[in-house]
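Subject: Structure handover

Hello,

Here is the structure I promised to pass on. Please open it alongside this note, which goes through what turned up.

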Amino acid sequence: MPNEGTEQVMLEASPDEIYDIELEHSLLEANKKLADENRALLDRHGITAIDFMGAIGSGKTTLITKLVERLKDRMGVAVFNGDATTSSDADAISKQNVPVVQIATINGCHLDANVVGKGLKRIQLEKLKLIFIENIGNLICPAEFPLGSRARVVVVSVTEGPWMVRKHPHMFLGAQVVVINKTDLADAMEVSVDQLIADVHKLKPDIRVIPTSCKRGIGIDEVAQTLLAI
Ligand SMILES: Nc1nc2c(ncn2[C@@H]2O[C@H](COP(=O)(O)OP(=O)(O)OP(=O)(O)O)[C@@H](O)[C@H]2O)c(=O)[nH]1
Ligand SMILES: [Mg+2]
């Protein structure tokens, strides 16, 4: 019950109010077809692509950089960086001397299979075993658009507060691995990492959840091992 004297209003659109529903449906279907084509191309080359999703600033680029550092001498690794307006993430990864594809979506809030497919045509696939794809920082839109990756990882951080898992179930339901980053800041944020893990497992009981602190180097090896086993 709302507090006395306050009014709580909930608005929920019904499908017949959404006039572009058919357009949206065919857009998602077209994306799915292109994602399947990307996957077939990657499979033909024996490449595993992993898509990293998560809120703005959760630590996607930092985690990918640390994974690349650990893996690049063992196998061919490339990184696709989705970034709405800057090249800063791609510039940071380039220091690792691995192939990098920067995808500027301008104002787009997610990558799609079409743009990833274009990127796949721009790099030499022959020497690669792994492609890490950093999606745009957003906890909603990327979930709707598979890219053709073999696994989707959600990177969240304790600095997003205690409710982010409960508020964005769709994101977690479509993922295979969840990373809870910035655990070094959990006490300062008064956020319980165990509670976040429980929230994820309530949504999807068998999903792998790995707490990390990229700053302190905690949990990164476990993420690398998990992704290599996918
Ligand atoms: N304290 C702390 N800071 C971290 C950790 N991981 C990343 N950061 C910092 O968080 C900030 C954002 O990290 P990024 O890796 O750029 O985050 P991102 O998810 O790629 O951000 P966008 O691409 O903008 O969505 C940077 O200042 C990082 O140094 C961590 O484990 N602990
Ligand atoms: Mg980034």
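Met171 counts as buried, at 1% relative accessibility. Buried means under 20% relative accessible area, exposed means over 50%, and partly exposed is in between, with a 1.4 Å probe and protein chains only. Met171 sits in helix 6. Helices (H or I, at least four residues) and strands (E, at least two) are DSSP runs, numbered from the N terminus. Leaving aside neighbours within four places in sequence, Met171 is in contact with Met53, Gly54, Asn138, Leu139, Ile140, Pro142, Ala143 and Val154. Contact means heavy atoms within 4.5 Å. The C-alpha atoms of Met171 and Arg152 are separated by 9.6 Å, and the two residues are 19 apart along the chain.

Some ground rules. This is a predicted model, in which local features need pLDDT of at least 70 and side-chain atom pairs count only at pLDDT 80 or more, while totals for chains, interfaces and linings use all residues. Residues are numbered from 1 along each chain as its sequence is written, chains are lettered from A and ligands numbered from 1 in the order in which they are written, and side-chain values use heavy atoms, with hydrogens and water left out.

Now the overall picture. The protein has nine helices and seven strands. Of its 230 residues, 46% count as buried. Among contacts with a separation of 6 or more, 72% come from residues 24 or more positions apart.

Next, the metal. Which residues are the protein donors of the magnesium ion (ligand 2)? They are Thr61 (OG1), Asp89 (OD) and Glu134 (OE), lying 2.1 Å from the ion. Donors are N, O and S atoms within 2.8 Å of the metal (3.2 Å for Na, K and Ca); water is not among the atoms, so sites may look incomplete. The donor spacing in sequence is T-x27-D-x44-E. Asp89 lies in helix 3 (residues 88-94) and Glu134 in strand 4 (residues 130-134), so this pair ties together parts that are 45 residues apart in sequence. Asp89 and Glu134 are both buried.

Ligand 1 comes next. There are 18 residues around it, and Lys60, Thr61, Thr62, Asp184 and Cys214 come nearest. A residue is near a molecule or strand if one of its heavy atoms lies within 4 Å of it. Polar contacts (pairs of N or O atoms within 3.5 Å; within protein, one must be able to donate a hydrogen and the other to accept it, and residues adjacent in sequence count only if both atoms are side-chain atoms) were also listed. A backbone N or O atom of Gly59 lies 2.9 Å from an oxygen atom of ligand 1. A polar side-chain atom of Asp89 lies 3.0 Å from an oxygen atom of ligand 1. For Glu134, a polar side-chain atom is likewise 3.0 Å from a ligand 1 oxygen atom.

On to helix 8 (residues 193-203). Val193, Leu196, Ile197, Asp199 and Val200 are buried there. They cover an arc of only 155° around the axis, which puts them on the same side of helix 8. The arc is that of the directions from the helix axis to the C-beta atoms. On the other side, Asp194 and Lys202 are exposed. The cover over the buried residues includes helix 5 (164-167), helix 6 (169-173), strand 6 (177-181), helix 7 (186-189) and strand 7 (208-211). At the start of helix 8, a side-chain oxygen of Ser192 reaches to within 3.4 Å of the backbone nitrogen of Asp194.

There is one aromatic pair in the structure. The rings of Phe52 and Phe132 have their centres 5.5 Å apart and their planes at 85°, so the pair is edge-to-face. Rings of Phe, Tyr and Trp (its six-membered ring) pair if their centres lie within 6.5 Å; planes under 30 degrees apart count as stacked, over 60 as edge-to-face and the rest as tilted. Phe52 and Phe132 are both buried.

Last, two loop residues. Lys182 lies between strand 6 and helix 7. Its phi is near 65°, a positive value in a residue other than glycine. Lys182 is partly exposed, at 23% relative accessibility. Glu190 is in the loop between helix 7 and helix 8. Glu190 also is not a glycine, yet has a positive phi of about 55°. Glu190 is exposed, with a relative accessible area of 74%.

Best wishes
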